[in-house]
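Hi,

Here's the model I promised to pass along.

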Amino acid sequence: FITHPINVGLILVSLKMDEDTVIAGLLHDVVEDCEIPLSDVKNKFGNNVSRLVDGVTKLLQLDEKMKDQSQAEHFQKMALATAEDVRVVIIKLADRLHNLKTIEHLPRDKQVKKCRETLDLYAPLAHQIGMHKMATELEDCSFKTLHPARYKFIQDALEENNLNKKTLISRVKKSLNARFKKNDIEAKITGREKRVFSIYQKIKKKKFSFADIYDVFAFRVLVNNAEDCYKALGFIHNIFTPITGRFKDYIGLPKPNGYQSLHTSVIGRHRPIEIQIRTMPMHEFAERGVASH
Ligand code: MN
């Protein structure tokens, strides 16, 4: 009983949430499950914490009324309205994430129900508020429980792919690094981790053949400021041949949700390579959405 709230608190700490949110995370189940009146929470921890705890409790009652995916959009609207404070939603997502990580302790029918609900309601909600990293974690955990064999198949393919292409990856990195250094651009180049569930969805919608997993390489370049993003782009297009129609300037023209980055695809060592270029604050926002504020 204590392990769960502590872990929810820790997830909120890892998201760098404020003190009130972490406290409310620790207390999120006490009103619902322990018959502690909200007034006790208010007296001991103040108005802000008690409002957050109350919000999470109300959200819990809301998800019990939702049945299926057709209600997903309705759920998102209701959840954001019911919560009033978006931190309530963040606590609820942390709660759900820890539930999924300990899901093997539940009977199979409850596992399936929780995972479906997560894929139908909570992961889309997390995407909606820009918490893409949380969303993909929720998706991958649920997918792994629902379809262990499919999960393993894709996961193994991804690992094998990375192993086989180690030389390619390090060569691309090397040429980029050398050019950036020569031109005094401080850059961090990382391979982009692909998420199992999003690949599964693309395969299922037949927008993606399995061979595509072996073909696409994705890099991310993090630099110090927006100006360096454009400079880095220039050098990348100078080293590798850009692919027509794949360049997007989301720094000059951010997406409606505020997302910023430069996207390009180039041919490197006879293979298509996707590259995202952004600054650290842009990166934080892209991964953590509202939680990055
Ligand atoms: Mn809980």
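Let's start with helix 6 (residues 86-101): its 16 residues should span 22 Å at 1.5 Å a residue, and the end C-alpha atoms are 23 Å apart, which agrees. The expected span is 1.5 Å times one less than the number of residues, and helices are DSSP runs of H or I, at least four residues, numbered from the N terminus. Of those 16 residues, 13 are buried, so helix 6 is largely enclosed by the rest of the structure; buried means under 20% relative accessible area, exposed over 50%, partly exposed in between (1.4 Å probe, protein chains only).

Before going on, bear in mind that this is a predicted model, where local features need pLDDT of at least 70 and side-chain atom pairs pLDDT 80 or more, while totals for chains, interfaces and linings use all residues. Numbering runs from 1 along each chain as its sequence is written, and side-chain values use heavy atoms, leaving out hydrogens and water.

Now the metal. His4 (NE2), His28 (NE2), Asp29 (OD) and Asp95 (OD) coordinate the manganese ion at 2.2 to 2.4 Å; donors are N, O and S atoms within 2.8 Å of the metal (3.2 Å for Na, K and Ca), and with water not among the atoms, sites may look incomplete. Asp29 sits in the loop between helix 2 (19-26) and helix 3 (30-34) and Asp95 in helix 6, so the pair ties together parts 66 residues apart in sequence. Asp95 is buried at 3% relative accessibility, and Asp29 is buried at 18%.

Lastly, Met134 belongs to helix 8 (residues 132-146) and is buried at 5% relative accessibility.

Cheers

Note on methods. Helices (H or I, at least four residues) and strands (E, at least two) are DSSP runs, numbered from the N terminus.
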